[in-house]
Amino acid sequence: MAPHAEADSGSLHGDGQSNGHQAAVAATATRELFTVNSSNVTYTDNEILSKYTYRTTDVAKDESGKFVVTPVETVYEFKTERKVPKTGMMLVGLGGNNGTTVTAGIIANRRGLRWQTREGVRAANYYGSVIMSSTIKLGTDTKTRKDVNIPFSDILPMVHPNDLVIGGWDISGLNLAEAMDRAQVLEPTLKQQVAKEMAQIVPLPSIYYPDFIAANQEDRADNVLPGTKACNEHVEQIRKDIRDFKEKNGLDKVIVQWTANTER
């Protein structure tokens, strides 16, 4: 089995912010631990170009009922940008249990925080993340014949979670420090250390369709766009939110993820 990936608890990466309240620093350049020596791989200043041949077989029956097996090859071409884009992550349900925990966790990792619990001192880490805490076998060392394993996150240029600029929407207008208290997920000693940054993050108004969201969420729905039915106006507002978020934070790309979990 490949060994576990270890990383320093202190962050060497950027200081992403949320919803345009503060400017985020540029994303950290990723390291390249290896190059591929193959006629199927080409490196340019900006891209990694590669070809992969997928091999399979087609099976048919002839008139006599005999199977005829035909090898089939399909060549795929891949292009990977070597420069990691400055990336924003907008969460649907930013102020919920998932959204506040993810955001606080990224802040804790970014700052390399440690905190006391009943079981002792804990340190921020990305254990549980396949990409951030596991390794992948690169091959076999030509001299020692031992496996060579590298962090999964170094197999290709990837955005580090610490560099993400975080924003999003929620039907509740509480800032994330207040929402974090309401969620009752994190240890008080950790919440104290991230509360100041979390308080600066306020979710954007969200779409609220009562016939889709669980009834127990109605009391907290004080940060919603007008209208309770799907409409083009809602679509255009969400698109505008994404464009504004991208522009305010000088982002190259924005990804949107669903973290709300109280739908009917």
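**Reading the calls in this fold**

Residues 24 or more positions apart account for 66% of the chain's contacts with a separation of 6 or more. The model is a predicted one, and its secondary structure comes to five helices and eleven strands.

Q: What makes a pair of residues a contact in that count?
A: Heavy atoms within 4.5 Å make a contact. Of such contacts with a separation of 6 or more, 66% join residues 24 or more positions apart.

Q: Why is strand 9 (residues 165–170) said to be largely enclosed by the rest of the structure?
A: A residue is buried when its relative accessible area is under 20%. Six of the six residues in strand 9 pass that test, so the strand is largely enclosed.

Q: How do you know which faces of strand 9 are covered?
A: Go through the residues side by side. In a regular strand the side chains alternate between the two faces of the sheet. Here, Val165, Gly167 and Trp169 sit on one side, with Ile166, Gly168 and Asp170 on the other, and all are buried. Both faces are covered, then.

Q: What makes strand 4 (residues 87–92) a partner of strand 9?
A: Pairing takes at least two bridges. Strand 4 and strand 9 share five, in the parallel sense, so they count as paired. One place to look is Gly88, whose bridge partner in strand 9 is Val165.

Q: How do you know that strand 10 pairs with strand 9 too?
A: With at least two bridges required, the two that join strand 9 to strand 10 are enough, so this is a pair as well. The two strands run parallel, and Asp170 has Pro205 as its bridge partner in strand 10.

Q: Why is Asn175 called buried?
A: Its relative accessible area is 16%, and anything under 20% counts as buried, so the label holds. Asn175 is found in the loop between strand 9 and helix 3 (176–183). Beyond its neighbours within four places in sequence, Asn175 is in contact with Met198, Ala199, Ile201 and Val202.

Q: What makes Asn175 a cap for helix 3?
A: A side-chain oxygen of Asn175 lies 3.0 Å from the backbone nitrogen of Ala177, at the N-terminal end of the helix. The cut-off for a polar contact is 3.5 Å, so 3.0 Å is within it. After helix 3 comes Gln184, with a positive phi near 55°.

Q: What about helix 4 (188–199): how are its buried residues arranged?
A: Leu190, Lys191, Val194 and Met198 are buried. Viewed along the axis of helix 4, the buried residues stay within an arc of 95°, so they line one face of the helix. The face turned away from that side carries exposed Gln192 and Lys196. Among the elements covering the buried residues of helix 4 are helix 1, strand 5 (114–117) and helix 3.

Q: Which residues of the largest nonpolar core touch the most other members?
A: Leu190, Val194 and Met198, out of 22 residues in that core. Strand 4, helix 1 (97–111), helix 3 and helix 4 each give two or more residues to this core, and helix 1 has the largest share, four residues. Setting aside residues up to four places away in sequence, Met198 touches Thr100, Thr103, Ala104, Ile107, Asn175, Leu176, Ala177 and Met180. A second, separate core has seven residues, including Val165, Leu225, Ile238 and Phe245.

Q: Why is the pairing of Phe212 and Trp258 called edge-to-face?
A: The centres are 6.4 Å apart, and the cut-off for a pair is 6.5 Å, so the rings qualify. Their planes are at 75°; over 60 counts as edge-to-face, hence the name. A search of the whole structure finds one aromatic pair.

Definitions and conventions
Residues numbered from 1 in each chain as written. Predicted model: local features only at pLDDT ≥ 70, side-chain atom pairs only at ≥ 80, totals over all residues. Heavy atoms only, no water. Phe/Tyr/Trp six-rings, centres within 6.5 Å; stacked < 30°, edge-to-face > 60°. Buried < 20%, exposed > 50% of the residue type's maximum accessible area, 1.4 Å probe, protein only. Core = buried A, V, L, I, M, F, W, Y, C linked by side-chain atoms within 4.5 Å. Arc of directions from axis to C-beta. Polar contact = N/O pair within 3.5 Å; in protein donor to acceptor, adjacent residues only side chain to side chain.
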